[in-house]
Protein chains: 2
Amino acid sequence: MSGEQGDAALDAAPNAAADGAGAAADTPAPRTTYRHGDLRGALLAAGIEMARRGGPDAVVLREATRQAGVTPNAAYRHFADRQALLRAVSDAAQGLAADAMEAEVARAAAASGVNTADAARRMLRAVGTGYLAFARDEPGLFRAAFSVPDHLANSMDAAKAGTAGRTPFQILSAALDAWAAAGILPPARRANAELYAWSAVHGLGMLVIDGPLRGLSAELVDGATVRVLDMVERGL
Amino acid sequence: MSGEQGDAALDAAPNAAADGAGAAADTPAPRTTYRHGDLRGALLAAGIEMARRGGPDAVVLREATRQAGVTPNAAYRHFADRQALLRAVSDAAQGLAADAMEAEVARAAAASGVNTADAARRMLRAVGTGYLAFARDEPGLFRAAFSVPDHLANSMDAAKAGTAGRTPFQILSAALDAWAAAGILPPARRANAELYAWSAVHGLGMLVIDGPLRGLSAELVDGATVRVLDMVERGL
DNA sequence: CGACGTAAGTGTACGATGTCAACAATCACA
DNA sequence: TGTGATTGTTGACATCGTACACTTACGTCG
């Protein structure tokens with residue numbers, strides 16, 4: 001596949017002074033001021049966009065600076081190297097995953113019944129469902145989110161948090177705490193349960209988006225999602 | 001870290017036998033004949049070696065040709081492009097994963113008791129254990145194995161088979177068939193069970209080698225492996 | 001047995017990328 | 001007002017993937 005996308009993209013659109021934090025944009029926008037205003041943010045935004053379509057490998061430093069309307073080397077004032085940019089993109093992607101999960105959890109909570117055990121189960125399923133929904137809706141970002149070597153110790157880093165302030169790991173942890181509180185997860189099994197539940201769901205996500213399970217019909221994937229969640233629920 | 005498996009498939013260009021210092025892959029080894037003898041094989045071997053340390057991104061076409069002692073463009077007589085080389089490396093890596101799994105399965109079979117249900121369970125655990133052992137021993141190859149988009153339909157492609165002739169998917173399938181035969185997996189749940197078991201184990205592998213679970217102590221990973229397998233066993 | 005078609009390698013070249021070193025424009029504060 | 005620290009810019013490499021054109025020598029066949 002020689003998919004060259006538009007290489008052009010340098011033209012006008014005099015977008016005046018650097019407006020703040022916004023998420024802006026892929027317009028090259030020749031800037032008038034010497035300072036960019038928020039180069040770091042712009043590079044990150046460009047990086048996220050590139051990761052969204054094309055995954056981690058598509059995150060190219062020079063292109064990011066191009067989109068930001070800046071010289072390639074300007075990036076080095078804000079990121080040590082491409083890897084650092086990618087790490088930032090990865091963190092942001094995890095934040096977006098967290099948002100997807102929170103959304104699903106919120107929906108589940110709304111439909112919650114009185115039984116705390118059922119509610120806990122529903123919440124955990126929602127966590128998994130949200131995670132996988134994100135993987136399917138944003139495969140590029142999902143892959144980017146986990147393409148950078150990381151450590152468990154950073155799993156609660158604020159940079160990985162969604163708008164609600166929780167990281168994916170923390171969301172999952174909370175759901176498992178609810179299980180424990182509801183008495184449906186024996187204390188002996190609570191330790192590190194995050195890892196096991198996470199593994200199952202993460203694995204399905206990976207297999208579905210670039211692995212051998214890719215290209216399966218949506219129904220099949222839906223079914224697999226349910227079955228994997230069943231497995232977790234029974235097996236935790 | 002178990003040592004290098006036989007890196008068999010490599011060296012042995014029928015001609016190269018000229019100078020001393022044997023068939024190491026990284027010696028430029030000035031070839032005397034115009035024809036290389038087995039360029040494709042040499043490139044593949046070099047690619048595998050590069051993937052072994054460094055994962056898929058470390059597979060660079062030019063370097064492979066360098067190690068094979070040919071011009072960069074010579075590679076294009078055997079691979080359409082870098083992606084094609086990577087795909088070949090990926091297939092080979094899956095074959096090596098299959099070998100690791102077969103080894104574990106064989107060990108489990110040796111210790112097999114009379115009870116077929118227990119034997120079946122042991123076999124499935126062995127499959128998972130072997131898969132994860134490969135991920136841990138050869139993280140680069142493991143990542144390379146699944147870095148190339150693929151489809152379920154190819155999961156039984158002979159190119160992905162180990163020396164025993166079975167692909168990882170086929171090994172897993174056989175173990176699940178044994179479950180069904182032993183009556184410990186209700187027929188209604190047999191369909192696509194590969195996907196669910198695979199997901200759990202694959203996810204753990206990914207999380208452990210480049211994901212957030214990386215750097216955990218060996219004991220912790222061992223423990224997680226057992227727990228994930230428990231989960232699968234209970235939850236399938 | 002010698003000519004020859006053709007597969008397998010070579011040479012050269014182009015555009016792109018990540019990154020370094022030196023330099024210039026601007027802001028921030030004394 | 002001036003002076004130092006930030007932030008971008010210029011220019012230059014080394015490396016990569018790959019296209020086009022050419023050359024070499026192996027295998028086949030008249």
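The contact between the two chains of this predicted model draws 38 residues from chain B and 38 residues from chain A. Between chain B and chain A an area of about 3,400 Å² is buried, and carbon and sulfur atoms give 65% of that area. On the side of chain B, the three residues B:Tyr196, B:Arg227 and B:Met231 supply 20% of the area that this chain buries against chain A, which is more than any other three residues supply.

One part of the contact pairs helix H9 of chain A with helix H8 of chain B (residues 193–209). In this pairing A:Ala224, A:Arg227, A:Val228 and A:Met231 of H9(A) meet B:Tyr196, B:Ser199 and B:Ala200 of H8(B), and by class these are five nonpolar, one polar and one charged residues. The geometry of the pair is set out below.

| Property of the H9(A)–H8(B) pair | Value |
|---|---|
| Packing angle | about 65 degrees |
| Distance between axes | 10 Å |
| Handedness of the crossing | right-handed |

Within chain A, helix H6 covers residues 168–182, and its 15 residues reach 21 Å from the first C-alpha to the last, close to the 21 Å expected at 1.5 Å a residue. Its buried residues are A:Pro168, A:Phe169, A:Ile171, A:Leu172, A:Ser173, A:Ala175, A:Leu176 and A:Trp179. An α-helix has 3.6 residues a turn, so residues three or four places apart point the same way. The cover over the buried residues of H6(A) includes the chain A helices H3 (82–110), H4 (116–137), H7 (187–190), H8 (193–209) and H9 (218–235). After H6(A) comes A:Gly183, which has a positive phi near 80 degrees.

Technical notes
Residues are numbered from 1 along each chain as its sequence is written. Chains are lettered from A and ligands numbered from 1 in the order in which they are written. This is a predicted model: local features need pLDDT of at least 70, side-chain atom pairs count only at pLDDT 80 or more; totals for chains, interfaces and linings use all residues. Side-chain values use heavy atoms; hydrogens and water are left out. Helices (H or I, at least four residues) and strands (E, at least two) are DSSP runs, numbered from the N terminus. The expected span of a helix is 1.5 Å times one less than its number of residues. Buried means under 20% relative accessible area, exposed over 50%, partly exposed in between (1.4 Å probe, protein chains only). Contact means heavy atoms within 4.5 Å. Axes are lines fitted to C-alpha atoms, for helices over the stretch in contact, and angles run from 0 to 180 degrees between N-to-C directions. A crossing is left-handed if the near helix is turned anticlockwise from the far one by less than a right angle, and right-handed if clockwise. Ala, Val, Leu, Ile, Met, Phe, Trp, Tyr, Cys and Pro count as nonpolar, Asp, Glu, Lys and Arg as charged, and the others, Gly among them, as polar. Buried area is the accessible area (1.4 Å probe) that two parts lose on being put together, summed over both.
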